[in-house]
Amino acid sequence: MTGKLIKYEVRSSMRLIGVIWAALVAATLLLSFTSGALARIIPDSFTETSAFGLIEFISGFLFVGIFIAMIVATVMIVIVRFYRGLLGDEGYLMHTLPVKPWQLITSKGIVSAAVVIVSIIVVMLSMLILAGFNAFVDVADFFAELGKMLKEEPKFILVGIEMLIVLVLSVLKSIYQIYASLAIGQLSGKHRILLALGAYIGISVILSILGVILMSIGEELGIVDWFVGLGDRNVFSLTQAGIVGMFLLTGVQLVAFHVITERILSKKLNLL
């Protein structure tokens, strides 16, 4: 059933964001053409006219507008779809489905994380297009050099995979922190958004304080010095230790936010 929920979320989300992704790439190509290729093709005397400047302005304005629209759409998918779908009017329907709250949360979290990651990739692609052909050459050269390094040290392929996993978990953790904050906010009959914002800020402050405390404890116990010494002896081992630490910290936070959200939706749900 979780798979069906994910398919539903994908269909609902892609109706808007998929079009915006394609539009952003198209607008980027248009802006790159008008500011680069077109300027080299047409005579210099025409590039100085107001008509050509207007073309550049329109293409740039279009790019900025679609870029902002993509950010807004991504935020809507992460926040608004969760809030309306599980805590608003739509929640009356969603919570009558023969599924557990954790399945509803998981389906929205997975799709939201995928949308955020793809949006980042689309933005990076757009920046490369605007940077010009040489940027793609530089990226190709980078991956060629990276491939050579991995052939010499294949064990670092594992590092790359692990870092990707941690990156995905970090995106999920950030989304679940928003979900937990929204779930806490709906406990209030009024001022839900204000309470949710306060909960998000409070959680962030608590995590920062805990991070400082853990660093202090690690320094007192000599763990920081151990890490420094490990790096002097073996860079690969240091990298592995760092990734494992990030994985554990991110995983613990992700599970905690998920449990908070699931428990509130199961026991303290207060629909509008």
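**View 1. Ala69, a partly exposed residue in a predicted model.** Ala69 has 32% relative accessibility, so this residue counts as partly exposed (buried is under 20% relative accessible area, exposed over 50%, partly exposed in between, with a 1.4 Å probe and protein chains only). Ala69 belongs to helix α3, residues 50–87 (helices are DSSP runs of H or I with at least four residues, numbered from the N terminus). Ile17 is 52 residues from Ala69 in sequence, and their C-alpha atoms are 9.1 Å apart.

**View 2. Ser112 in helix α5.** Helix α5 spans residues 101–131. Ser112 counts as buried because its relative accessibility is 1%. Its side chain reaches the backbone oxygen of Lys108 at 2.8 Å. Leaving aside residues up to four places away in sequence, Ser112 touches Ile77, Val78, Ile175 and Tyr179 (contact means heavy atoms within 4.5 Å).

**View 3. The largest nonpolar core.** This core has 28 residues (a nonpolar core is a set of buried Ala, Val, Leu, Ile, Met, Phe, Trp, Tyr and Cys residues joined through side-chain atoms within 4.5 Å). Phe82, Leu86, Ile105, Ile175 and Leu182 have the most contacts inside the core. Two or more residues come from each of α3, α5, α7 (155–185), α8 (192–220) and α10 (235–267). The most, ten residues, come from α7.

**Notes.** Residues are numbered from 1 along each chain as its sequence is written. In this predicted model, local features need pLDDT of at least 70 and side-chain atom pairs count only at pLDDT 80 or more, while totals for chains, interfaces and linings use all residues; side-chain values use heavy atoms, without hydrogens and water. pLDDT is the predictor's confidence in each residue, from 0 to 100.

How values were computed
A polar contact is a pair of N or O atoms within 3.5 Å; within protein, one must be able to donate a hydrogen and the other to accept it, and residues adjacent in sequence count only if both atoms are side-chain atoms.
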